[in-house]
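Have your viewer ready and take the steps in order.

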Amino acid sequence: MTRSDTPSGRNRLWRKFMSVLLLSVLALVLIGQNRRLEPPEPFVWNTKVLRPSIVAVGSYLRTDKPTVQYFGTGFVVHDGNCVVTNAHVVAALRAADRLDHLRVYFPDMTRDVDGKEAKVLLEDTYHDVALLRFEGQAGMPVKLAPADDVDQGLSVGIIGYPTGTRLGLVPAVHKGVVSASVPAVLPLPTGVKMTPELQEALKNPYNLYQLDMIAFPGNSGSPLFDAKTGEVIGVLNMTIATKTREHLFDKPTGIAYAVPVKWVHELIRRYKAMTE
């Protein structure tokens with residue numbers, strides 16, 4: 001009879017087996033905890049951080065059907081009570097005679113169902129950006145990148161409301177790259193009719209970010225952010241290029257563009273000067 005065949009030998013083998021089993025279970029638990037502690041991929045993380053700052057820009061009027069009308073996307077900046085959107089979103093509200101009923105709506109209806117009453121502070125129609133202000137509890141301002149040009153090929157994302165509010169206040173995110181930094185207006189062939197937009201763009205040239213990503217009209221005013229850092233580098237625009245860059249096309253190309261964040265910094269600078 002060997003030692004392992006004795007009662008004491010079998011006990012030792014059993015204890016050794018249980019020790020190995022317990023150590024294996026503990027190792028699996030620790031591995032699982034480490035996986036949970038690992039930070040998410042930067043783009044996913046930055047989407048979570050930005051999401052609470054994304055608002056729907058619209059109106060609320062009891063006699064409207066539906067009572068809430070959607071006009072575009074915006075995002076919280078500065079002191080938490082300011083919102084950036086496109087100037088053409090404000091123009092659409094004005095054309096619909098709904099500017100006096102302006103509201104901003106935070107994601108998932110976690111705040112007032114009727115939205116936050118807001119007003120227009122500043123409009124820069126040339127660069128198609130506008131600054132709004134709402135009262136009450138402040139939101140979380142996004143982090144704005146410096147007013148510098150970004151590298152071609154930079155991985156970026158947008159987050160906004162491409163379908164408006166019909167499917168709920170759930171921000172949708174899209175990912176792509178900055179294809180190029182391009183002039184907002186192209187040289188005009190002989191005989192092309194000069195419009196006020198073209199004339200101003202030729203006198204005061206600036207660049208847009210041309211994007212390789214999916215975007216929809218409802219995304220107008222969405223923040224364009226660096227996929228790695230989460231910093232906002234621009235404001236999505238689905239309108240401006242059709243007037244000054246794609247004016248020679250019979251139909252819009254569908255290419256997405258964004259206005260660089262330098263013009264958001266300029267709006268905030270002007271607002272600060274007004275309040276000092």
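**Exercise 1.** Which side chain meets R94 in a salt bridge?

*Solution.* Keep in mind that this is a predicted model.
Step 1: R94 and the side chain of E123 form a salt bridge, with an N to O distance of 2.8 Å.

**Exercise 2.** Find what the salt bridge between D64 and R98 ties together.

*Solution.* Step 1: The two side chains meet at 2.8 Å, N to O.
Step 2: D64 sits in the loop between β1 (54–60) and β2 (68–77), while R98 sits in the loop between α3 (87–95) and β4 (102–105), so the pair joins parts 34 residues apart in sequence.
Step 3: Both D64 and R98 are buried.

**Exercise 3.** Work out whether R133 and D79, which form a salt bridge, are buried or partly exposed.

*Solution.* Step 1: The closest N and O atoms of this pair are 2.9 Å apart.
Step 1: R133 lies in strand β6 (residues 129–134) and D79 in the loop between β2 and β3 (82–85), so parts 54 residues apart in sequence are tied together.
Step 2: Buried means under 20% relative accessible area. R133 has 16% and is therefore buried, whereas D79, at 36%, counts as partly exposed.

**Exercise 4.** How many salt bridges does a search of the whole structure find?

*Solution.* The search finds five.

Key: Residues are numbered from 1 along each chain as its sequence is written. This is a predicted model: local features need pLDDT of at least 70, side-chain atom pairs count only at pLDDT 80 or more; totals for chains, interfaces and linings use all residues. Side-chain values use heavy atoms; hydrogens and water are left out. A salt bridge is a side-chain nitrogen of Lys or Arg within 4 Å of a carboxyl oxygen of Asp or Glu. Helices (H or I, at least four residues) and strands (E, at least two) are DSSP runs, numbered from the N terminus. Buried means under 20% relative accessible area, exposed over 50%, partly exposed in between (1.4 Å probe, protein chains only).
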